[in-house]
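Please keep the sequence and the model in view while reading.

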Amino acid sequence: MVRIPAPPQLRVSIGITGHRAAHPDWLAKSAEIRAVLAGLFDLVEATLDAERERLGAIAPVRLHSLLADGVDQLAAELGTARGWELISPLPFGRRLNLAINAHPASGDDARALLQGTTPGDPQCQARARAIEDWYARSRLFELADQDEVLSGQFLATLDNPQDRTTQALFAAGSSVQ
């Protein structure tokens, strides 16, 4: 007898990215951004609730976020509070992604993050801790195939902040991801 598997449950997936916490628009309007984003997420939930009878079982929403500080982490906070599944498609491996998104001001702090140790700068530590907390609550998909080259380029940008060629090489290499 041939058994045909049941089709997968209907699922809504949402991807989000936005300004980082240091961006002037975020700094000036973070409360407004929170309210608008929460309202949008409420609308998604209300729409799904209204359609459940017609559509049947609907799996929890999947929220795709890169987990950078600012809008990405706000969306993760609001989505997981609703029971949504958090998916994080990282453009780099976990450590390089952490090092870049913790915004280290020095090569030494970036090296610490890349080695899995604590950076000296307290603000960098706090940003790294927040990202790591989200890593623990997310399904990660890491694109780490170029991390060795990109890590060297990233460190070079911090060690030589005035070198425009170094900055351009890292910008080009990381944007290919």
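Once neighbours within four places in sequence are set aside, Ser-88 is in contact with Ser-65, Leu-67, Ser-138, Arg-139, Leu-140 and Phe-141. The model in which these contacts are found is a predicted one. Ser-88 itself belongs to strand β3. Is Ser-88 buried or exposed? Its relative accessibility is 0%, so Ser-88 counts as buried; the cut-off for that class is under 20%.

The aromatic side chains come next. How many aromatic pairs does a search of the whole structure find? The search gives two. One of them is formed by Phe-41 and Trp-84, a tilted pair with 4.6 Å from centre to centre and 45 degrees between the planes. This pair links distant parts of the chain, since its members are 43 residues apart. Phe-41 sits in helix α1, which covers residues 24–55, while Trp-84 is in the loop between α2 (71–81) and β3 (85–90). Both Phe-41 and Trp-84 are buried.

Phe-154 and Phe-170 also form a tilted aromatic pair, with 5.5 Å between the ring centres and an angle of 45 degrees between the planes.

Which residue lies over the face of Trp-134? It is Arg-137, at 3.8 Å from the ring centre.

The last stop is the largest pocket, which holds about 200 Å³ of space. Its lining consists of 14 residues, and those closest to the pocket centre are Arg-20, Leu-66, Pro-91, Phe-92 and Asn-101. Which helices each supply at least two residues of this lining? Among the contributors at that level are α3 (94–101) and α7. Sorted by class, the lining of the largest pocket has six nonpolar residues, six polar residues and two charged residues.

Definitions and conventions:
Residues numbered from 1 in each chain as written. Predicted model: local features only at pLDDT ≥ 70, side-chain atom pairs only at ≥ 80, totals over all residues. Heavy atoms only, no water. Phe/Tyr/Trp six-rings, centres within 6.5 Å; stacked < 30°, edge-to-face > 60°. Helix = DSSP H or I, 4+ residues; strand = E, 2+ residues; numbered from the N terminus. Buried < 20%, exposed > 50% of the residue type's maximum accessible area, 1.4 Å probe, protein only. Lys NZ or Arg CZ within 6 Å of the ring centre and 35° of its normal. Contact = heavy atoms within 4.5 Å. 1 Å grid on protein atoms, 1.4 Å probe; cavity = no way out; pocket = protein on both sides within 12 Å on 5 of 7 lines; lining within 4 Å. Points joined across faces, edges and corners; volume = space filled by probe spheres on them. Nonpolar A, V, L, I, M, F, W, Y, C, P; charged D, E, K, R; others polar.
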